[in-house]
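Student: Could we go through this protein together, one topic at a time? I'd like to start with the whole chain and then look at single residues.

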Amino acid sequence: MLSHGTIWHAIDALAERNQLSPSGLARRAGLDPTSFNKSKRHSADGRERWPSTESIAKVLEATGATMDQFTSLLNPEAAEAAAPAAASATIPLIGFAQAGAGGFFDDGGFPAGQGWDVIDFPTAAERRTGIYALEVQGDSMLPLYRDGDTLIVDPGAQVRRGDRVVVKTREGEVMAKVLTRQTPRTIELLSLNPEHPNRSFEISQIEWIARIIWASQ
């Protein structure tokens with residue numbers, strides 16, 4: 001049955017199959033990056049907002065999906081059963097050195113754009129939409145993380161004091177640290193490697209912060 005919930009589920013599922021967040025999918029389709037945000041799916045008075053047929057057409061063109069493939073995603077149970085095994089068992093991967101370049105993340109820190117590799121999803125971590133993997137490069141994170149280790153990052157997870165996090169600054173620097181303090185104006189980060197200094201930033205200097213939920217060690 002076509003409903004507000006099922007059509008938004010189909011858009012979310014199509015984004016996930018293309019290893020994109022909903023905002024990343026909107027960006028690829030040439031739409032406003034916030035077009036598919038969950039906050040945009042209802043109006044301020046609670047009325048349901050539906051995606052336009054033009055938006056859906058642009059999404060299909062951007063992803064190469066057919067209308068039949070899109071309609072098959074309207075049924076969550078059927079979509080899960082029909083999804084290729086490889087699509088459900090892999091997540092996007094990029095190295096720390098590449099992550100600082102532009103075009104790999106949307107404004108919320110979710111993977112977007114081209115140039116990502118994929119890896120098999122580790123069964124030790126809980127699968128959620130939007131998660132991705134970062135490959136550790138170099139020794140700046142010793143002794144906790146070694147060169148070649150893989151970090152699974154969930155940009156949608158709530159970040160708390162004491163969490164191991166990945167932070168990207170507006171200048172393009174990407175780092176893995178421990179969040180020691182966060183206020184409305186600043187964040188303080190503890191370095192994983194004692195030979196590297198701890199860092200402190202104004203919130204305005206931070207593009208995004210995301211929690212590390214698993215690491216191959």
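Student: What share of the contacts with a separation of 6 or more comes from residues 24 or more positions apart?
Tutor: Residues 24 or more positions apart account for 59% of those contacts in the protein, where contact means heavy atoms within 4.5 Å. Please keep in mind that this is a predicted model, in which local features need pLDDT of at least 70 and side-chain atom pairs count only at pLDDT 80 or more, while totals for chains, interfaces and linings use all residues. Residues are numbered from 1 along each chain as its sequence is written, and side-chain values use heavy atoms, with hydrogens and water left out.

Student: OK, and how many helices and strands are there?
Tutor: The protein has seven helices and nine strands, which are DSSP runs numbered from the N terminus, with at least four residues (H or I) for a helix and at least two (E) for a strand.

Student: How are the strands arranged?
Tutor: Nine strands form an open sheet with mixed pairing, and their order is S2-S1-S3-S4-S9-S5-S6-S7-S8; two strands count as paired if DSSP finds at least two bridges between them. Strand S2 (117-120) and strand S8 (199-202) stand at the edges with a single partner strand each, so one side of each has no neighbour in the sheet.

Student: What holds strands of a sheet together in general?
Tutor: Strands of a sheet pair through backbone hydrogen bonds, and they can do this either parallel or antiparallel.

Student: Which way do S1 and S2 run, then, parallel or antiparallel?
Tutor: Strand S1 (residues 90-95) and S2 run antiparallel and are joined by four bridges. Within this pair, isoleucine 91 stands opposite isoleucine 119 in S2.

Student: New topic: how much of the protein is buried?
Tutor: Buried residues make up 41% of the 217 residues, where buried means under 20% relative accessible area, exposed means over 50%, and partly exposed lies in between (1.4 Å probe, protein chains only). Valine 118, for example, counts as partly exposed at 43% relative accessibility.

Student: Which salt bridges does aspartate 12 make?
Tutor: The side chain of aspartate 12 meets lysine 38 at 3.6 Å, N to O, and arginine 41 at 2.7 Å, N to O. A salt bridge here is a side-chain nitrogen of Lys or Arg within 4 Å of a carboxyl oxygen of Asp or Glu, and by this rule the count comes to seven.

Student: Where do aspartate 12 and arginine 41 sit in the chain?
Tutor: Aspartate 12 is in helix H1 and arginine 41 is in the loop between H2 and H3, 29 residues apart, so this pair links distant parts of the chain.

Student: Are those residues buried or exposed?
Tutor: Aspartate 12 is buried, with a relative accessible area of 18%, and arginine 41 counts as buried at 7%, whereas lysine 38 counts as exposed at 62%.

Student: And where do glutamate 54 and lysine 58 lie?
Tutor: Both lie in helix H3, four residues apart, which is about one turn of the helix. Glutamate 54 is exposed, with a relative accessible area of 53%, while lysine 58 counts as partly exposed at 31%.
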